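Open the model in your viewer and keep the selection panel to hand. The stops below say what to select and what is there.

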Amino acid sequence: MSETGRDPASGELTDRLIEVFDLVGPLYRRAYRKVEQDAPVEGLTVGVRAVLNLLREHGPMTVPQMGRAQALSRQFVQRMTNEAAALGLVESVPNPAHRRSSLIRLTGEGRAAINALIDRERAMLSPAAAQVTAEEVDACLHVLSSLLRLLDNVEVD
């Protein structure tokens, strides 16, 4: 322990977590640009992709549920949902649990579009997968999930 009562290793580890934050921004922006560059192929923006993938993974959801799951404002998710609906990729169906908040679900065309995009992303990520181990990916997911939970109380609306 140091004079401050803190373990010096903990300060070093905190500095390493700052390195993670420093990498997440550029990674996100480059991934965003890649999806946007490929958008003409699938006709999907990053926001629509997020909505479609969430529905692919979790099944029908309400707009507020999607917003909470992605830490995005309800208004933004609604705009992306409207865009996806205009493209025929999602549809609104009655929600037996809440009359005023419809469920949004993938259409067949939406499922095909997101599956094609995920297949392209897998092909793009394949070289990186060859350079890391499953344990390293698990550790990465654990660290990023911990940091996300740390920020759970941050308002997104």
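Select helix 1 (8–42), helix 2, helix 3 (63–70), helix 5 (108–129) and helix 6 (134–150): each gives at least two residues to the lining of the largest pocket. Helices here are DSSP runs of H or I with at least four residues, strands are runs of E with at least two, and both are numbered from the N terminus. This is a predicted model, in which local features need pLDDT of at least 70 and side-chain atom pairs pLDDT 80 or more, while totals for chains, interfaces and linings use all residues. Residues are numbered from 1 along each chain as its sequence is written, and side-chain values use heavy atoms, without hydrogens and water.

Stay with the pocket. Its lining has 45 residues, and Val24, Leu27, Tyr28, Ala31 and Leu144 lie nearest the centre. Helix 1 supplies the largest share, 14 residues.

Next, show helix 2 (residues 46–58) with helix 4 (residues 74–86). Their axes are 9 Å apart, at an angle of about 85°. The two helices are therefore roughly perpendicular (a term for angles of 65 to 115 degrees).

Finally, go to Glu91 in strand 1 (residues 90–93). Glu91 is partly exposed because its relative accessibility is 31%, between the limits of under 20% for buried and over 50% for exposed (1.4 Å probe, protein chains only). Beyond neighbours within four places in sequence, Glu91 is in contact with Leu103, Ile104, Arg105 and Thr107 (contact being heavy atoms within 4.5 Å). The C-alpha atoms of Glu91 and Ile104 are 5.7 Å apart.

Note on methods: Axes are lines fitted to C-alpha atoms, for helices over the stretch in contact, and angles run from 0 to 180 degrees between N-to-C directions. Angles under 35 degrees count as roughly parallel, over 145 as roughly antiparallel, 65 to 115 as roughly perpendicular and the rest as oblique. On a 1 Å grid over the protein atoms alone, a cavity is a set of points where a 1.4 Å probe fits but cannot get out, and a pocket is an open set with protein on both sides within 12 Å along at least five of seven lines; lining residues have an atom within 4 Å of a point.
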